[in-house]
Every structure is written in structure tokens, then in C-alpha cells.
Amino acid sequence: MRSIRSVSHIGRSLKAVTAAAAATAVTALSLAASPAVAAPTGTAAPTLGDSCTAADLGTRHPYIKSTEVSPTITHFKGWYVTEGTTGNQTVTTSTQTTISVSVGLNGNIEGGFAVDALTKVGASLGLNVKVDYSSTSTESNTVTWNFGQPGYYGAYKGTKKVTGTYGSLNCNRVQQGDGSWALKWIKGPDGGSFTTFTTLEEGAVRCQDNVPAGSIMAKAQSLLDCGSPAAKAEHPAGAVAPTAKQKKDRLAQRPALAGGTSAEQSKATGRGARAALDCQATAYKIAVPGKPLSWGAPLLADDGVRLRPSSIFSAHLDNWRLCNVTERDGVIEASLWNWGNGACATIADPNSAAERAVLKTVPCTEDDLQRFYIYRDVPGSSKIGVQNKYTGSMMGHDRYADGEFIRQYSSGRQDGTGTYSLIGV
């Protein structure tokens, strides 16, 4: 359920700047040297329009766009109780529906962003939902129940399935009504879907029982097919073979294991052919603010982008160009082409959805894994945050050190180490 609206072409001013003008330190993005990174903001979750600092350029926070709660039967068995067989019995049920916790691209809840999103879902609905990776298929399929009266029962386990969509809040520059600029939390271009569920409940219900409408018990009662011959016929005590309707309902309600929607799991198009990029003339260093280390592309295909010192021996591996640039609501989208090895930055498969996956370079193609959003500080500052379009994760590094990998972090680096400077060279 990933939805990214189309973006318009970047403004004329970004195309008018030449390489010679960039050498004067007036860059094509109106970015120049600036003070040291401000201290990270507090731990309270931001809201749309709140102020942020340059340290927040490399972070993001979730907000919930929509939710849907539906009672769902996960395990079920028709069971007939005769006179003399009432009392406590353990019924082995059949799996009816499997629900797996999922946020965005990955079924595994690895990063802080996914946990934060599910926590917000539970709080907004007043429900205790699962906030770690789990699946109803791991639940025991037995139901122990005290059958007090003879009759046709449905023994069940069920839960409230919670689905919906989320977006992210990112820090970016916003022009005020008086023409001045400020850093504020805006709605980021990325988003996705989530699935989770509440604690399973178990029970048994008969056709003649009065149950609350819309409840898990009512959902189980609907599976009994109470008007069928199977419900009315005399049976020995024990399991009742499912009716044709029950089999049909079971197939209809059994989704594929949730690991994100098919749209999320399918990668962007055209990974086979090299793309013809429209790159701006200006080359940039993506540097740690106020320090000499910057992003350096690898010479070897199996290596990753690392923090490296710039020197005459860098062979342009520390020089990047912005290609196929577009802009929407002040957020730039671009491919990052490396001058030294002629490749594009990407979060490479097969671990593109993994927390802390290393940024790499590969031959340039039309692929959202090679597209990045750039969040900017106010004009006069070169500070930026970088976000992968496909995964939604922010770029950052674990520590400041020569050779340290640039990695993706689902929520970004809250200590400010995901904020970089885009410096024209």
C-alpha cells in the first residue's frame, strides 16, 4: 500500500547554476557553509508543523493516516456435544486465517520506526496490539472449553485484525508568510501499510446463542452455517465435518502471509538496463558537518559507501552529482551518481528492507531503490538529511570514523549523525 504522488520538476534556479558558479561556494541548492549541527530535539513525538532543528534533518517519525479494525477468526472447528458428553473438553481446531504483523516492506519488525508506528496505532484505537513480529500461526490450535449443554458448537480462537496506512514526518525547510525560512516537521513523501492484531481470545458458541453484533463471537457463529443439514442432524459427540460453505469461507478468508502488500513487495521497474541520467553539472561532497570525512564510493562492487577523507588521491570517489532531479513541496528527489566509479547509490537487494543495511553503488537503472529524498536546512546552510525513496529509511552512520559504513536506519539517527552537508566542489 505504498503511495507516492508524482513530483514536479525542480525550479529553474537549480538548473541555472554552472560548475563555475558552484566553485564560489554558492551551490545549486542555495546551500553553503553553516554552524555546527544543533543538538537533537527532545524525545517527545513531534506533530505536523512543530519546529525542528538541523539535527532532525536525518530523522523521521510515523503518523497514522487510516485504520480499520475487523474481528477475525484464526482457528475454528465445528463440534457436536451430546447428552453425557458435556463438561470440559479440548478441541483441536483448524487454522482459519493467518495474521502476521507487518509494517511497510518487511514482515520483521526490526527498526524503531515500525515499533513506533504500531505503538501509535494501539494508542489511537485504545487497543493492546502486537508491536513486535508475531503471527497467529504460532498460536496453539487447541481450545479447552466447558460445554454446559448439548448442541452444535463452534470452538474458535479469534482476534481483532488491525490494518491501515501510515505516513512519516520529516524535518525540512519551510518558507514563512513573511518570506523568512524555518525548519518544521512536514509530511514526508513516503508512506506504507501495516497489519497487526490484538491478543487472541478463545471460546465456543452455538447457533441459538445471542451474541453482540460485530464481535469475535458473532464472527465465529457465522461460520457455523446454522441452517445447514450438518447443524441439524444428529451426530455422535466430537468433530463435525466442515460444510461446503465453511470450506468456501475458510479459503476466502485465508490471506497470504502478511509481509506488506503485493505493491510493496514488488520492486520498482526496469532493473536490467542502464538508465540514461540527466545529471546536473555541479558535483558535491556529502560530508559530516564541520569535519573532513565525507561519503566515499567503493571501487569494489561488493563494498559499500564509507566515510573517507578527501584528498588528491580520492579519484572523484567522494564526488556526487544529483541526477533526474525533481521537487515537490520543497523536498528534492534525485539519483546520486558517483563521479569516480560511474555508479548510483542504492540500498541493494536482497536485504533492502533490513535495518542498518549498507549503502552501496551499482549500475544506474530506473529503480526506486536508487532514488533519494533530500531534506534541506534553511537557505545559507548546507545541511541535509537523505532518505531512500523505496525503503523510507534515513541514511546515517554508527560513529564518526574513517572507513565507517553509511547505513539506513528506519527512524534515522536520533543523535544527529544522519545530518550531512552538501558542499559544491
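1. Start with a charge over a ring. Arg 413 lies over the face of Tyr 409, at 4.9 Å from the ring centre. The criterion is NZ of Lys or CZ of Arg within 6 Å of the ring centre and within 35 degrees of the ring normal. Arg 60 does likewise with Phe 113: its charged end sits over that ring, 3.6 Å from the centre.

2. A word on the basis of these values. This is a predicted model, in which local features need pLDDT of at least 70 and side-chain atom pairs count only at pLDDT 80 or more, while totals for chains, interfaces and linings use all residues. Residues are numbered from 1 along each chain as its sequence is written, and side-chain values use heavy atoms, with hydrogens and water left out.

3. Phe 113 turns up again among the aromatic pairs. There are four such pairs in the structure. Rings of Phe, Tyr and Trp (its six-membered ring) pair if their centres lie within 6.5 Å; planes under 30 degrees apart are stacked, over 60 edge-to-face, and the rest tilted. Phe 113 and Tyr 166 have ring centres 5.6 Å apart and planes at 65°, so they are edge-to-face. This pair links distant parts of the chain: Phe 113 is in helix H3 (residues 112-125) and Tyr 166 in strand E7 (residues 151-175), 53 residues apart. Helices (H or I, at least four residues) and strands (E, at least two) are DSSP runs, numbered from the N terminus. Phe 113 and Tyr 166 are both buried. Buried means under 20% relative accessible area, exposed over 50%, and partly exposed in between (1.4 Å probe, protein chains only).

4. Phe 147 and Tyr 153 make another pair. Their ring centres are 4.9 Å apart and the planes stand at 80°, so this pair is edge-to-face. Phe 147 and Tyr 153 are both buried. Elsewhere, ring pairs join Trp 295, Trp 320 and Tyr 420 into a cluster.

5. Helix H3 deserves a look. Its 14 residues should span 20 Å at 1.5 Å a residue, and the end C-alpha atoms are 20 Å apart, which agrees. The expected span is 1.5 Å times one less than the number of residues. Which residues of H3 are buried? They are Phe 113, Ala 114, Ala 117, Leu 118, Val 121 and Gly 122. An α-helix has 3.6 residues a turn, so residues three or four places apart point the same way. The cover over the buried residues of H3 includes strand E2 (60-81), strand E5 (102-103), E7 and strand E8 (181-197); contact here means heavy atoms within 4.5 Å. Just after H3, Gly 126 has a positive phi of about 70°.

6. Now the nonpolar cores. A core is a set of buried Ala, Val, Leu, Ile, Met, Phe, Trp, Tyr and Cys residues joined through side-chain atoms within 4.5 Å. The largest has 31 residues; Trp 295, Trp 320, Leu 322, Leu 336, Leu 359, Met 395 and Ile 406 touch the most other members. Strands that each supply at least two residues of this core include E11, E14, E16 and E18. Another core lies apart from it, with 14 residues, among them Val 121, Phe 194, Phe 197 and Leu 200.

7. On to the disulfides, taken as cysteine sulfur atoms within 2.5 Å. The structure holds four. With the bonded cysteines numbered in sequence order, the pairing is 1-2, 3-4, 5-6, 7-8.

8. Cys 207 is in the loop between strand E9 (201-206) and helix H4 (216-222), and Cys 226 in the loop between H4 and helix H5 (229-232), so the bond ties together parts 19 residues apart in sequence. Cys 207 is partly exposed at 25% relative accessibility, and Cys 226 is partly exposed at 28%.

9. Cys 279 and Cys 323 are bonded, with sulfur atoms 1.9 Å apart. Here the torsion is about 95°, so the disulfide is right-handed. Cys 279 is partly exposed at 27%, whereas Cys 323 is buried at 0%.

10. Cys 344 and Cys 364 form a disulfide too, sulfur atoms 2.0 Å apart. Its torsion is about 95°, so it is right-handed. Cys 344 is in strand E16 (residues 344-347) and Cys 364 in the loop between strand E17 (359-362) and strand E18 (371-376), 20 residues apart. Are these cysteines buried or exposed? Cys 344 is buried at 0%, and Cys 364 is buried at 2%.
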